[in-house]
Amino acid sequence: MTILRLARSELKRMTGGLLPKLTILALTLVPLLYGAVYLYANWDPYGNLDQIDAALVMEDAGADASDGSELQAGREVADSLVDGNVFHWIPVAGGKEADEGVASGKYAFALKIPQDFSAHLISPGSFDSASQAMLNVTTNDANNYLLSTIVDKLTTSVHSTVAAHVGEETANRLLTGFGSIHTQMVKAADGAGQLADGAAALRDGSATLHEGTAGLSSGAGELYAGQLKLRDGANQLTDGAGQLSTGLSVLKDKTATLPGDSRTLAAGAAQVAAGNAQLNTRVQDVAAQLEAADQGLRARVVESNNRLIASGVLTQAQADSILADFDSVAASSPVAAAKTKIQTDVAQIQQLADGAEAVSVGAAELAAGTPALRDAIAEASGGADQLHTGAATLATGEQSAVDGAGAVAEGARRLDAGAAQLEEGAGSAAEGSRTLADEIGKGAGQVPNRDDAQKSNLSRVIADPVAVSNISQAKAGSYGAGLAPFFLTLALWIGIFMLIQAMRPLTQRALASNARSWKIALGGWLPFLAVSAVQATLLTLVVNLALNLDPAHPVLMWLFMLAAATAFSAIIQGAVALLGSPGKLVVLILLVLQLVSSGGTFPWQTTPQPLHVVHEILPMGYVVTGMRHLIYGADLSMNVPTVLGLAGYTALGLVMSTLAVRKGKYWTLKTLKPEIAL
């Protein structure tokens with residue numbers, strides 16, 4: 001029995017009917033479910049972040065910079081976020097609404113720009129009140145844990161951008177300030193020279209001042225006489241203000257009870273208005289009842305005539321004559337006269353009710369206004385008292401002014417002596433101002449004064465002194481491409497593991513033959529290899545053509561996938577052949593161990609130390625690394641040892657399968673009735 005005949009026999013058994021063919025087809029497509037479909041679902045999640053609703057609260061009120069410009073940093077940040085369209089930003093009016101939306105899951109997270117954001121950004125311009133600007137972010141891991149990490153990266157980027165921009169503006173203002181200092185110091189030197197010239201002129205003018213002090217003394221005498229007249233007038237004002245205060249005090253006492261009296265009047269008027277309104281209502285009812293009775297009686301006459309006409313007792317002409325006689329009698333009856341009289345009285349009563357209501361309203365307005373009148377009189381009385389007090393104070397002040405006028409004359413004499421001293425000091429000031437001008441001119445040359453290009457370059461360096469140059473030796477094109485090596489490798493293992501559920505690792509017919517053990521083992525493994533090769537080929541075609549993985553080495557990637565499928569199929573077939581049903585559990589355990597130790601998502605070095613040993617022993621971690629080099633275009637030299645290692649795993653699987661054949665040629669009770677079957 002040859003190896004190929006054994007393999008062909010097993011394949012023929014597996015495809016002997018429609019259902020087995022469908023089973024093999026389904027098992028062949030299993031890796032696509034784990035590999036291609038998962039990669040399709042997660043191919044570019046970062047490119048679809050604009051589908052995530054995020055609350056944006058912009059409360060920044062702006063701030064006025066020291067140069068007079070208005071800084072609207074919060075609005076700029078908000079506009080840049082909306083224009084960037086990284087997330088689907090939804091403007092929200094307040095922070096409370098945003099927080100409630102995050103808690104309920106309406107928003108994935110919230111970014112809040114507070115009211116004082118711009119004010120804090122420009123605060124470094126003041127050394128005494130510098131403070132940091134805050135961006136408030138609200139997240140909820142119940143919405144999505146990884147989203148918090150993405151948001152942290154976003155806010156870090158916004159922070160860096162805003163900090164660099166504001167730092168550049170601040171540094172530019174600082175350098176501009178140095179330039180302004182330089183310019184102002186040059187102007188100060190010129191001004192000091194002018195000050196020296198002015199001091200000389202001051203010295204000449206002090207002589208003229210001395211001549212004017214004599215006229216000042218004469219004027220002081222006239223000022224004293226005028227102050228005497230003002231004092232007499234202030235005394236007269238004090239007397240008149242006292243009389244006004246007394247009169248207003250009496251008026252205030254007389255009007256103290258006016259608000260209460262007016263309220264009493266308003267209450268009485270309101271009662272009269274209410275009574276007239278009731279009378280008017282009753283008279284109106286009587287008039288309406290009379291009119292209704294009159295019309296009802298006429299209607300009964302008409303109804304009686306109609307019945308008599310219908311019965312043939314009366315003709316229509318007779319009925320009309322009867323109705324005309326009734327109308328004539330009703331018009332001249334006392335009831336009609338009374339109704340006319342009541343209608344006339346109703347109009348007069350209505351006028352009386354309207355007048356009473358107007359009186360009530362006027363009385364109420366009077367009652368409402370009298371407290372204000374009383375308060376105004378009281379206020380006027382208080383003002384008169386203040387006027388009287390102020391007039392007395394004025395009289396006292398005028399006496400002090402009279403005394404001061406005498407002191408002015410004395411001051412004029414002293415001013416004359418000061419003019420002489422001023423002339424002497426002006427000479428010293430002229431000499432000192434000249435020295436000051438020379439020293440300021442020297443200092444201006446030491447203050448930096450850069451042009452716009454130099455300031456712009458230096459501002460950028462000060463704001464962001466450290467730059468990072470990223471050099472990527474090999475880079476994944478998307479998030480899905482980053483996960484592809486791990487999930488393609490995982491899909492191969494799972495797809496081959498599923499073959500065990502439908503395919504026999506060894507055939508009983510081959511075990512009963514005299515063929516060599518290694519031939520039987522190889523013949524049992526070849527069907528697994530054939531199907532797993534188809535799985536690897538389909539998976540490679542789908543991710544390359546349908547998902548546009550675009551690997552750097554597509555052919556080498558396919559060959560490497562075939563090598564991995566060869567090793568995986570040998571290990572899985574050999575383990576199940578050797579251990580039987582428990583071997584399936586062993587394969588599953590190997591899958592779990594490789595999931596956590598292969599470094600498919602996080603670097604395997606970050607796992608606990610015991611899993612490092614697992615990573616070094618099992619093949620999946622090496623396959624993941626090799627796939628990355630082939631897909632991203634990295635150095636391929638390390639793939640050669642990996643392929644040799646996969647050949648070793650293949651040999652190990654065949655050894656286990658050969659041992660299983662030798663063991664299977666000897667039947668025991670467990671062979672006939674296994675303890676467990678999966």
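1. Aromatic pairs come to a count of five, where rings of Phe, Tyr and Trp (its six-membered ring) pair if their centres lie within 6.5 Å, with planes under 30 degrees apart counted as stacked, over 60 as edge-to-face and the rest as tilted. The rings of F87 and W89 are edge-to-face because their centres are 5.8 Å apart and their planes stand at 75 degrees. Ring pairs also link F87, W89 and F109 into a cluster.

2. This is a predicted model, in which local features need pLDDT of at least 70 and side-chain atom pairs count only at pLDDT 80 or more, while totals for chains, interfaces and linings use all residues. Residues are numbered from 1 along each chain as its sequence is written, and side-chain values use heavy atoms, leaving out hydrogens and water.

3. F87 is buried, at a relative accessible area of 1%, and W89 is buried too, at 8%; buried means under 20% relative accessible area, exposed over 50%, and partly exposed in between (1.4 Å probe, protein chains only).

4. Beyond its neighbours within four places in sequence, M627 is in contact (heavy atoms within 4.5 Å) with residues including P485, L488 and M557.

5. L630 is buried, with a relative accessible area of 3%. Although L630 and P485 are 145 residues apart in sequence, their C-alpha atoms are 9.4 Å apart in space.
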